[in-house]
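Morning, everyone. I have one structure to walk through today, so let me put it up and start with a question.

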Amino acid sequence: MSRMGRVRAETSAGWRSFVRRRTAVFFTFFFPVILIVIFGALIRTDPTGEGLFTEPAAYYVPGYLAVVVLFTPLSRMGSEVARHREGSRFEKLATTPLTRGEWLLAQTAVNAAIIGLASLLILGLVILLTGAQIAFSPLLIPYILIGVVCFCGVGAMLGSYTDSQDGAVAASNAIGLPLLFLSETFISLSQLPSWFGPVVNLSPLTYFARGVRAATYAGAEVSTVAGIDPALANLGILTALAVVAFALGARSIPRTD
Amino acid sequence: MEAVVEATNLEKTYGDTVALSRASLSVARGEVFALIGPNGAGKTTLVRALTGTTEPDGGSARILGASPGAVDRDRLGVLPQEFSPPGRLSARELLAYYAGLYDDARDPEDVLADVGLVDAGDTWYEDLSGGQQRRACVGSALVNDPDLLFLDEPTTGIDPAGRRTVWRLIEDLADAGTTVVLTTHDMAEAERLADRVGLLADGSLVAQGTPTDLVQEHGGSSRLTVETEAEPDAFADLAYPVDRPERARGRTPDNAVVVRDIDPAAIGSVVDYLEKREIEYTQLSWAEPDLEDVYLALADATERERTDRLESESGDADLAQAGETA
C-alpha cells in the first residue's frame, strides 16, 4: 500500500466520521453563516464613518473566510487529537505503517473539503447579504488550502498539549478569537496601537487576510513585499508558515503514552 | 527455537509508581504467551514497551528481530487495552479502514467473518454491543495477517459464545504459525490458549512456564470442598489436612472447609466420616489445582512480600526518626 493509499484510507474514515456527526456538520456551517448575517446587517445599517465596519463590504471577505479557515481546523483538530488519544487510537495507529505526517495530511484533507464548501457558502452569502463586490481570483483556492494546512498544524499542537477534548476546544477558542480580530481581518492595523504592529505580523492569519484582500478586493491598500505583488508575496509567507506549522503539528502528535 | 519477542530487564516508572521492574521474557515463533497478573501489575506497560508505544526507562526489547520502534509494522498486529475506534464507522468500514493502512491486507469481509460479525457488519461501531465492539477491535488487529500479534485483554466484555469465537480464532492463528502475546484476567482463557504463561506482579515476572508446570510447581494440592458450618477442628481425626481458607483467597464459599491432598477415590471415606460424626454439610466438590490457584498463590505471596517490605521500610523510618529525636 502506497503512502497515498494510507492517506486515502485515513481520509475516507475521517470524512465519514465527520459527515455522520450531524450536529458537528450543522454548527460548522452555521457558525460562519450567523456571523455573516450579524456582521452583514451591521455593515449595511450602521456605517458610522469611524470605528468598526466602516470599510466597503468586500474589505471584510478575508475576515469571514478566516472564521472557517482559522476556527474550524483549530477546534476540529484539537478535539480530534484529544479524541484519538482518549480512545488509544494513536497507540493503535503507532503500530501500523501510517505515519504521524500522513495522519495529519489526511485530517487536513478532510478539513480542506469541509472548509472549501463552507467558503463557497460564505462567499455566496457575503455577496447576497452585503452586496460585496468581489474579484474571484484563482489565488483564493491556494490561500484557503494553505491556510487550512497551517491551522491544522496549529490545531494538532493544541490537541497534543491539552489533556482533554474540553481543554482542546477551550484552548482553540482562547487562541482563535484574538487571532481572528487582531490579524487585519475585521480591524485594520491603523485602528490598533502602533506598538501592536509587530504582534500582528506574527500571526499567520495576517498574511492570509492581506493576501486574500489583495486578490479579491479592488480597493485594497496592501503593500508589496520586497517588490512582489502582495497577493503572491503573502501567499509565499503563508506557505512558509504552513510548512513549519504542519511539521511541528505532525511532530507533536503522540506516538507513545 | 527462534525468539520472536525478547525482553531483558525492562524497567518503567511513572512518578513513584514502578510499572516494570527488571521484566524479562522470551517468546518463540508460533508460541502463544499469556501474561496474567492483578490490575496494575504492569501487563499493559509491558505490552506497550514491546510494541514501541512506551519508552522503557531501562533494559532492552526486540521483536521480529528489530527494536520495537523500528519493526516492520506490516508484520505486527496490536489490540490496545482501552481501544475505542471511530464510533460512526460500521464494523465493515472499520476493518476496511484499518486494512487500507497496510501493504498487503486480508479481505475485510474474511476478517469480519472470522470475528463473527457478518450480520452486524453494517452497524455503526457505537451501536454494537460491548462484546461485538471488542470483537471488531480484535478484527482490526488481524487485518494485516500479522506474524506477531499482541492482544491486550482481547475478550474483556465479550459473552461466553463470543469469547469462544475469539479463542478459536487465536488457536487457528497459532496453528498457522502466528506468534501471540496476550494479557488476560481469565485464567480459563490463559489455560486453554497459552503454550506458556507469565505471571506479572508489581512489575516483575514472578513465574513463567507452561500452565501444567506452573500448576505443579505453585498450584498446591487437589482439594475437596465441604460446605458446612462445622469448624476444621471437627475434622481432627480425618487422615487428610483440613483448613478453612481465608476469604481473600476467594475460591471457596465462606461456610466451607477444604480437605487437601485427597484422591477422588477417597471421597467416600470423607462422606463416611461426616455421617459418622453427624457433621451437617450441604455440598461436596472436588477439584484439581489449576492456574487460578497459581495466580492466587503467587499474587498473594507478592502482596505479602510487598506489605512486609513496606512495613519494614516504615519501621526503619520510624527508628531513624526516633534516633533523630533522641
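Which residue is the bridge partner of Val78(B) in β6(B)? It is Phe150(B).

Some ground rules before I go on. This is a predicted model: local features need pLDDT of at least 70, side-chain atom pairs count only at pLDDT 80 or more, and totals for chains, interfaces and linings use all residues. Residues are numbered from 1 along each chain as its sequence is written, and chains are lettered from A and ligands numbered from 1 in the order in which they are written.

Helices (H or I, at least four residues) and strands (E, at least two) are DSSP runs, numbered from the N terminus. Two strands pair if DSSP finds at least two bridges between them.

Back to that pair. β5(B) and β6(B), the latter covering residues 148-152, run parallel and are joined by four bridges. They belong to an open sheet of six strands in chain B, ordered β5-β6-β7-β3-β8-β9, with mixed pairing. At the edges sit β5 (76-79) and β9 (204-209) of chain B, each pairing on one side only. On average, neighbouring strands of this sheet are turned by 15° against each other, direction ignored. For angles, axes are lines fitted to C-alpha atoms, for helices over the stretch in contact, and the values run from 0 to 180 degrees between N-to-C directions.

Now the helices on that sheet. Contact means that the C-beta atoms of two residues, placed from the backbone, lie within 7 Å. Helix α5(B), residues 160-175, packs on the sheet and touches β3 (32-36), β6 and β7 (179-183) of chain B. Its direction makes about 150° with that of β7(B). Helix α7(B), residues 211-218, also packs there, touching β8 (196-201) and β9 of chain B, at about 110° to β9(B).

Two hairpins next. β8(B) and β9(B) are antiparallel, over five bridges. Ala201(B) has Ser204(B) as its bridge partner. Two residues lie between these strands, and Asp202(B) takes a positive phi near 55°. The other hairpin is β1(B) with β2(B), again with two residues between them, and Gly15(B) in the turn has a positive phi of about 65°. Eight bridges join these antiparallel strands, residues 3-14 and 17-28. Glu6(B) stands opposite Ser26(B).

Over to chain A. Helix α7(A), residues 165-181, has 17 residues and reaches 24 Å from its first C-alpha to its last, close to the 24 Å expected. That expected span is 1.5 Å times one less than the number of residues.

Which residues of α7(A) are buried? Ala168(A), Ser172(A), Gly176(A), Leu179(A) and Leu180(A). Buried means 20 or more other C-beta atoms within 10 Å of the residue's own, exposed means 12 or fewer, and partly exposed is in between, with C-beta atoms placed from the backbone. Seen down the axis, the buried residues of α7(A) fall within an arc of 90°, so they line one face of the helix. The arc is that of the directions from the helix axis to the C-beta atoms. They pack against α3 (61-86), α6 (140-161) and α9 (204-216) of chain A. On the other side, Asp166(A), Ala174(A), Leu177(A) and Pro178(A) are exposed.

Last, the interface. 22 residues of chain A are in contact with 24 residues of chain B. On the chain A side, α1(A) gives the most, with seven residues.
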